[in-house]
Amino acid sequence: MAVSAMVLVMLVLPAAGGLLAWNFRQTMEASFNNQLASLLDAVISSVHYQSESDSLALRRDLVDPRFNRVFSGWYWQASAGRERVLTSRSLWDQRLLLADMPELSFQRIDGPRDQSLIMASRQITLPSLRQPVTVALAADAKDLEEDIERFQALLFASLAALGLLLLLFFGLQLFWGLAPLRRIERSLKAVESGERETLDTNLPEELARLARAINLVLEHDQALIERGRTTAGNLAHALKTPVAVLATLAERLPEAQRQEFSVELNRVNDAVRHHLARASAAGPAAIGSGLKLDQALAPVLNALSVLAQRRSIDLTVSIDAGVSARIEEQDAEEIVGNLLENALNWAETRVTLTITGGSAGVAILVEDDGPGMSGQQCQQALERGSQLDESRSGSGLGLAIVKDLASLYGATLKLERSDLGGLRARVQFSPD
């Protein structure tokens, strides 16, 4: 809008200035020509023919002193052929170049001392003189041009000032007019940071309708998220009991059938667990404040601490004070819980959990002093249902679920050798 206003001002004002300058020139030249024509009539009324001397003469002198000052720039001349020529004193020994024009005409000619003259001339007839007499009056155009140039300079300076004022006032109008949009922007940022739940609707009516529509969309999306997660949870509870019953019934089957049935039942159980974990994940928190990880993970850490004590494993937890991440509490518990369960399952005597925050984002590190894994094994461990040691408990879904949840939040899961000798699992969240 500012650029379009600037272009408009730069196009319209010069065009208007050019038109005004042209009109002023036309008016000034017409006024100057009228003055010349009036003075020419005065000269014509004074010129007469003296038959006794066969010459032209004036009945009376012109009052204007400019015609008596040599090369003043104001001249008159009357001529009937080359022999009969009458001039003003200001011409001295110079002559005007006259053209035989029966009607009143105006033209620019060169005068004495390279003066640029505007000349008015016409032909008349005098009594007792058969030859027509051409009478001309010329004036220096310098004063006229100077007046026009002064007007043009003043005009273009005024238009330039007007253009700057217009752009300034338009900028102020634009700043004032877009203020409600800036309020909406601040309101959106407040919703995103969790300072408020809905947009401010105290706006001009057009924008208030927009803000109310956005609020309805936010409420609807939040309701859909909660409904989906509730449905996933209900489905998990609904499937848990039938699967457990089928597993119990499988124990009563003959050995050959029981083994085959258990394999297929475990595949169903793994698939259900994996997809329900993904379905119940909320994904990136578009709005709301960050989750305080030390408070949110306290229940999971307390439960796993009891498990670590039973297995005689030293579980060390270090979480930076106040560190927060844009993640749902359930998803954070799922990520940390699966990583710690996997570490406790493989550790010999020690497991550490470290959560840090900084300019690079939040990092979750879980390390153990177990046997660790090779690069190929790390890649295989991230595949859904992959279990490197069938003698260990578990379905092999933990790391795969962590990987899927991390990807929902734009985070990365990396497995590498730990300084403790075992495996280090790092989940790195990008900064907000």
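1. Asp54 sits in the loop that joins strand E1 (47-50) to strand E2 (55-58). Helices (H or I, at least four residues) and strands (E, at least two) are DSSP runs, numbered from the N terminus. The model is predicted: local features need pLDDT of at least 70, side-chain atom pairs count only at pLDDT 80 or more, and totals for chains, interfaces and linings use all residues. Residues are numbered from 1 along each chain as its sequence is written, and side-chain values use heavy atoms, with hydrogens and water left out.

2. Asp54 is not a glycine, yet its phi is positive, about 50°. Asp54 is partly exposed, at a relative accessible area of 37%. (Buried is under 20%, exposed over 50%, partly exposed in between; 1.4 Å probe, protein chains only.)

3. Ser312 lies in the loop between helix H7 (298-310) and strand E9 (314-319). Its phi is also positive, near 60°, in a residue other than glycine. Ser312 is exposed, with a relative accessible area of 60%.

4. How do H7 and helix H8 (residues 329-346) cross? Their axes come within 10 Å and cross at roughly 10°. Axes are lines fitted to C-alpha atoms, for helices over the stretch in contact, and angles run from 0 to 180 degrees between N-to-C directions. H7 and H8 are therefore roughly parallel to each other. (Under 35 degrees is roughly parallel, over 145 roughly antiparallel, 65 to 115 roughly perpendicular, the rest oblique.)

5. In H7, Val300, Leu301, Leu304, Leu307 and Ala308 meet Glu333, Val336, Gly337, Leu340, Glu341 and Leu344 of H8. Contact means heavy atoms within 4.5 Å.
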